Amino acid sequence: MYEGPVQALIDELGRLPGVGPKSAQRLAFHLLGVERTDAERLAGAILAAARDVHFCRRCFNVAAAEECRICRDAKRDEAVLCVVAEPRDVQAIEKTGEFRGRYHVLGGLIVPIDGITPDKLHIAELIRRLGEEPVTEVVIALNPTVDGETTASYLRRQLADLDVSVTRIASGLPVGGDLEYADQITLGRAFAGRTSM
Ligand code: ZN
(Lines give C-alpha, C1' and ligand atoms only; values in the text may rest on other atoms or scores of the structure.)
Protein backbone atom coordinates (compact mmCIF):
# COMPACT_ATOMS: atom_id res chain seq x y z
CA MET A 1 0.00 0.00 0.00
CA TYR A 2 1.18 3.48 -0.86
CA GLU A 3 0.20 6.64 0.93
CA GLY A 4 -3.04 8.51 0.27
CA PRO A 5 -3.51 9.87 -3.26
CA VAL A 6 -1.05 7.46 -4.90
CA GLN A 7 -2.91 4.41 -3.60
CA ALA A 8 -6.25 6.02 -4.50
CA LEU A 9 -5.02 6.47 -8.09
CA ILE A 10 -3.75 2.87 -8.25
CA ASP A 11 -7.11 1.62 -6.91
CA GLU A 12 -9.11 3.62 -9.48
CA LEU A 13 -6.92 2.51 -12.39
CA GLY A 14 -7.16 -1.08 -11.16
CA ARG A 15 -10.94 -0.95 -11.56
CA LEU A 16 -10.62 -0.40 -15.33
CA PRO A 17 -11.29 -3.44 -17.51
CA GLY A 18 -8.17 -5.39 -18.39
CA VAL A 19 -5.96 -3.52 -15.93
CA GLY A 20 -4.46 -5.78 -13.27
CA PRO A 21 -2.75 -4.59 -10.06
CA LYS A 22 0.69 -4.47 -11.68
CA SER A 23 -0.46 -2.46 -14.69
CA ALA A 24 -2.40 -0.13 -12.40
CA GLN A 25 0.76 0.55 -10.44
CA ARG A 26 2.80 1.10 -13.60
CA LEU A 27 0.21 3.50 -15.06
CA ALA A 28 -0.09 5.38 -11.78
CA PHE A 29 3.64 6.01 -11.58
CA HIS A 30 3.67 7.03 -15.23
CA LEU A 31 0.92 9.56 -14.54
CA LEU A 32 2.75 10.89 -11.48
CA GLY A 33 5.66 11.67 -13.77
CA VAL A 34 3.77 13.58 -16.48
CA GLU A 35 3.51 17.35 -16.75
CA ARG A 36 0.71 18.85 -14.73
CA THR A 37 -0.96 20.22 -17.89
CA ASP A 38 -1.01 16.70 -19.40
CA ALA A 39 -2.53 15.30 -16.23
CA GLU A 40 -5.18 18.02 -16.26
CA ARG A 41 -6.00 17.34 -19.92
CA LEU A 42 -6.49 13.62 -19.19
CA ALA A 43 -8.63 14.31 -16.14
CA GLY A 44 -10.62 16.86 -18.15
CA ALA A 45 -11.24 14.39 -20.99
CA ILE A 46 -12.55 11.79 -18.53
CA LEU A 47 -14.85 14.33 -16.87
CA ALA A 48 -16.10 15.72 -20.18
CA ALA A 49 -16.86 12.21 -21.46
CA ALA A 50 -18.76 11.30 -18.31
CA ARG A 51 -20.70 14.58 -18.41
CA ASP A 52 -21.30 15.27 -22.10
CA VAL A 53 -21.60 11.96 -23.93
CA HIS A 54 -25.13 10.77 -24.49
CA PHE A 55 -26.54 7.66 -26.00
CA CYS A 56 -28.56 8.09 -29.17
CA ARG A 57 -32.25 7.93 -28.26
CA ARG A 58 -32.94 5.88 -31.37
CA CYS A 59 -30.07 3.36 -31.66
CA PHE A 60 -28.15 3.73 -28.33
CA ASN A 61 -24.84 4.39 -30.04
CA VAL A 62 -22.73 7.08 -28.37
CA ALA A 63 -23.81 10.50 -29.56
CA ALA A 64 -22.99 14.15 -29.01
CA ALA A 65 -26.62 15.13 -29.67
CA GLU A 66 -30.02 13.52 -29.09
CA GLU A 67 -29.44 11.29 -32.09
CA CYS A 68 -26.10 9.96 -33.30
CA ARG A 69 -24.39 10.96 -36.55
CA ILE A 70 -25.48 7.74 -38.30
CA CYS A 71 -29.17 8.04 -37.38
CA ARG A 72 -29.13 11.67 -38.58
CA ASP A 73 -27.51 10.77 -41.92
CA ALA A 74 -30.28 10.69 -44.53
CA LYS A 75 -28.02 8.85 -46.98
CA ARG A 76 -27.96 5.68 -44.85
CA ASP A 77 -30.17 2.81 -46.00
CA GLU A 78 -33.13 2.77 -43.62
CA ALA A 79 -34.24 -0.68 -44.80
CA VAL A 80 -31.31 -2.52 -43.18
CA LEU A 81 -30.70 -2.50 -39.45
CA CYS A 82 -27.58 -4.04 -37.93
CA VAL A 83 -27.86 -5.25 -34.33
CA VAL A 84 -24.64 -5.09 -32.28
CA ALA A 85 -23.79 -5.46 -28.60
CA GLU A 86 -21.74 -2.31 -27.94
CA PRO A 87 -20.98 1.10 -29.48
CA ARG A 88 -17.41 -0.06 -30.18
CA ASP A 89 -18.83 -2.72 -32.54
CA VAL A 90 -20.43 0.10 -34.56
CA GLN A 91 -16.97 1.65 -34.95
CA ALA A 92 -15.45 -1.69 -36.02
CA ILE A 93 -18.15 -2.23 -38.69
CA GLU A 94 -18.00 1.37 -39.91
CA LYS A 95 -14.28 0.94 -40.53
CA THR A 96 -14.96 -1.89 -43.01
CA GLY A 97 -17.01 0.44 -45.24
CA GLU A 98 -19.22 -2.58 -46.15
CA PHE A 99 -22.39 -1.51 -44.39
CA ARG A 100 -24.60 1.43 -45.38
CA GLY A 101 -27.61 0.77 -43.18
CA ARG A 102 -28.28 1.86 -39.62
CA TYR A 103 -27.56 0.25 -36.26
CA HIS A 104 -29.20 -0.81 -33.03
CA VAL A 105 -26.93 -1.18 -30.00
CA LEU A 106 -28.21 -3.67 -27.43
CA GLY A 107 -25.93 -2.45 -24.64
CA GLY A 108 -24.48 -5.91 -23.96
CA LEU A 109 -25.30 -9.59 -24.38
CA ILE A 110 -27.69 -11.85 -22.50
CA VAL A 111 -25.77 -13.48 -19.62
CA PRO A 112 -28.36 -14.89 -17.19
CA ILE A 113 -25.82 -15.94 -14.52
CA ASP A 114 -24.60 -12.34 -14.34
CA GLY A 115 -28.18 -11.11 -14.08
CA ILE A 116 -28.14 -9.71 -17.63
CA THR A 117 -31.58 -10.78 -18.76
CA PRO A 118 -33.20 -9.60 -22.03
CA ASP A 119 -35.08 -6.81 -20.23
CA LYS A 120 -31.73 -5.26 -19.23
CA LEU A 121 -30.85 -4.77 -22.92
CA HIS A 122 -32.40 -2.50 -25.57
CA ILE A 123 -34.44 -5.34 -27.08
CA ALA A 124 -37.91 -3.90 -26.45
CA GLU A 125 -36.73 -0.69 -28.15
CA LEU A 126 -35.54 -2.75 -31.12
CA ILE A 127 -38.97 -4.37 -31.54
CA ARG A 128 -40.60 -0.94 -31.27
CA ARG A 129 -38.28 0.49 -33.94
CA LEU A 130 -39.17 -2.33 -36.30
CA GLY A 131 -42.81 -1.29 -35.97
CA GLU A 132 -42.02 2.36 -36.69
CA GLU A 133 -39.25 2.30 -39.31
CA PRO A 134 -39.33 0.79 -42.82
CA VAL A 135 -36.83 -1.96 -41.97
CA THR A 136 -36.92 -5.07 -44.16
CA GLU A 137 -33.72 -6.78 -43.01
CA VAL A 138 -32.18 -7.14 -39.55
CA VAL A 139 -28.52 -8.17 -39.62
CA ILE A 140 -27.32 -9.73 -36.40
CA ALA A 141 -23.64 -8.96 -35.83
CA LEU A 142 -22.79 -10.34 -32.41
CA ASN A 143 -19.52 -11.90 -31.28
CA PRO A 144 -19.25 -15.64 -32.05
CA THR A 145 -19.14 -16.54 -28.35
CA VAL A 146 -21.55 -18.50 -26.12
CA ASP A 147 -23.19 -15.26 -24.94
CA GLY A 148 -23.36 -13.97 -28.52
CA GLU A 149 -25.06 -17.21 -29.62
CA THR A 150 -27.53 -17.12 -26.72
CA THR A 151 -28.46 -13.54 -27.58
CA ALA A 152 -28.72 -14.26 -31.33
CA SER A 153 -31.12 -17.18 -30.78
CA TYR A 154 -33.23 -15.13 -28.40
CA LEU A 155 -33.47 -12.34 -30.99
CA ARG A 156 -34.32 -14.79 -33.76
CA ARG A 157 -37.27 -16.08 -31.68
CA GLN A 158 -38.42 -12.55 -30.86
CA LEU A 159 -38.25 -11.42 -34.48
CA ALA A 160 -39.77 -14.61 -35.97
CA ASP A 161 -43.32 -13.22 -36.14
CA LEU A 162 -42.34 -9.86 -37.56
CA ASP A 163 -42.29 -8.99 -41.21
CA VAL A 164 -38.50 -8.71 -41.52
CA SER A 165 -35.83 -11.07 -42.78
CA VAL A 166 -33.20 -11.87 -40.17
CA THR A 167 -29.66 -12.48 -41.35
CA ARG A 168 -26.41 -13.03 -39.59
CA ILE A 169 -22.93 -11.98 -40.62
CA ALA A 170 -21.05 -14.98 -41.99
CA SER A 171 -18.62 -16.85 -39.85
CA GLY A 172 -15.01 -16.69 -40.79
CA LEU A 173 -14.81 -14.74 -37.61
CA PRO A 174 -12.86 -16.93 -35.21
CA VAL A 175 -15.11 -18.74 -32.71
CA GLY A 176 -14.76 -17.11 -29.30
CA GLY A 177 -13.47 -14.03 -31.08
CA ASP A 178 -14.35 -10.40 -30.69
CA LEU A 179 -15.73 -8.21 -33.50
CA GLU A 180 -13.66 -5.33 -32.27
CA TYR A 181 -10.42 -7.19 -32.86
CA ALA A 182 -11.33 -8.86 -36.14
CA ASP A 183 -9.29 -7.41 -38.96
CA GLN A 184 -11.20 -5.16 -41.36
CA ILE A 185 -11.01 -7.56 -44.29
CA THR A 186 -12.39 -10.52 -42.31
CA LEU A 187 -15.18 -8.43 -40.84
CA GLY A 188 -15.94 -6.88 -44.23
CA ARG A 189 -16.21 -10.34 -45.85
CA ALA A 190 -18.38 -11.55 -42.98
CA PHE A 191 -20.79 -8.75 -43.89
CA ALA A 192 -20.79 -9.42 -47.59
CA GLY A 193 -21.52 -13.12 -46.95
CA ARG A 194 -24.33 -12.77 -44.41
CA THR A 195 -26.78 -15.64 -44.28
CA SER A 196 -30.41 -16.07 -43.40
CA MET A 197 -31.13 -17.22 -39.83
ZN1 ZN B 1 -28.32 6.54 -33.50
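This report describes the overall build, the zinc site and selected residues of a predicted protein model.

## Basis of the model

The model is predicted: local features need pLDDT of at least 70, side-chain atom pairs count only at pLDDT 80 or more, and totals for chains, interfaces and linings use all residues. Residues are numbered from 1 along each chain as its sequence is written, and side-chain values use heavy atoms, with hydrogens and water left out.

## Overall build

The protein contains eight helices and seven strands. Along the principal axes, the C-alpha trace spans about 60 × 35 × 35 Å. Of the 197 residues, 38% are buried; buried means under 20% relative accessible area, exposed over 50%, and partly exposed in between, with a 1.4 Å probe and protein chains only.

Among contacts with a separation of 6 or more, 56% join residues 24 or more positions apart, a contact being heavy atoms within 4.5 Å. The accessible surface comes to about 11800 Å², and carbon and sulfur atoms hold 54% of it. Accessible areas come from the Shrake-Rupley method with a 1.4 Å probe, and for residues only the protein chains shown count as cover. The protein has 24 positive and 29 negative charges, whose mean positions are 2 Å apart. Lys and Arg count as positive and Asp and Glu as negative, while His and the chain ends are not counted; each charge is placed at NZ of Lys, CZ of Arg, CG of Asp or CD of Glu.

## The zinc site

The zinc ion has four protein donors, the SG atoms of Cys56, Cys59, Cys68 and Cys71, at 2.3 to 2.4 Å. Donors are N, O and S atoms within 2.8 Å of the metal (3.2 Å for Na, K and Ca); water is not among the atoms, so sites may look incomplete. The donor residues follow the spacing C-x2-C-x8-C-x2-C in sequence. The arrangement is tetrahedral because the four donor atoms subtend angles of 102 to 119° around the zinc ion. For four donors, tetrahedral requires all angles to lie between 85 and 135 degrees.

Cys59 is buried at 2% relative accessibility, and Cys68 is buried with a relative accessible area of 1%.

Phe60 lies in the loop between β1 (54–55) and β2 (62–63). This residue is buried, with a relative accessible area of 14%. Phi of Phe60 is near 70°, a positive value in a residue other than glycine. Most residues other than glycine have a negative phi.

In helix α5 (residues 87–96), the buried residues are Pro87, Asp89, Val90, Ala92, Ile93 and Thr96.

Ala48 is part of helix α3 (residues 36–52) and counts as partly exposed at 27% relative accessibility. Its C-alpha atom is 28 Å from that of Ile116, which is 68 residues away along the chain. Helix α7 (residues 146–159) contains Thr150, a partly exposed residue with a relative accessible area of 34%.

## Strand β3

Asp77 lies in strand β3 (residues 77–84). At 36% relative accessibility, this residue is partly exposed. With neighbours within four places in sequence left aside, Asp77 is in contact with Arg100, Gly101 and Arg102. The C-alpha atoms of Asp77 and Arg100 are 5.8 Å apart, although the two residues are 23 apart along the chain.

Note on methods
Tetrahedral: all angles 85-135°; square planar, octahedral: opposite > 155°, others 65-115°. Helix = DSSP H or I, 4+ residues; strand = E, 2+ residues; numbered from the N terminus.
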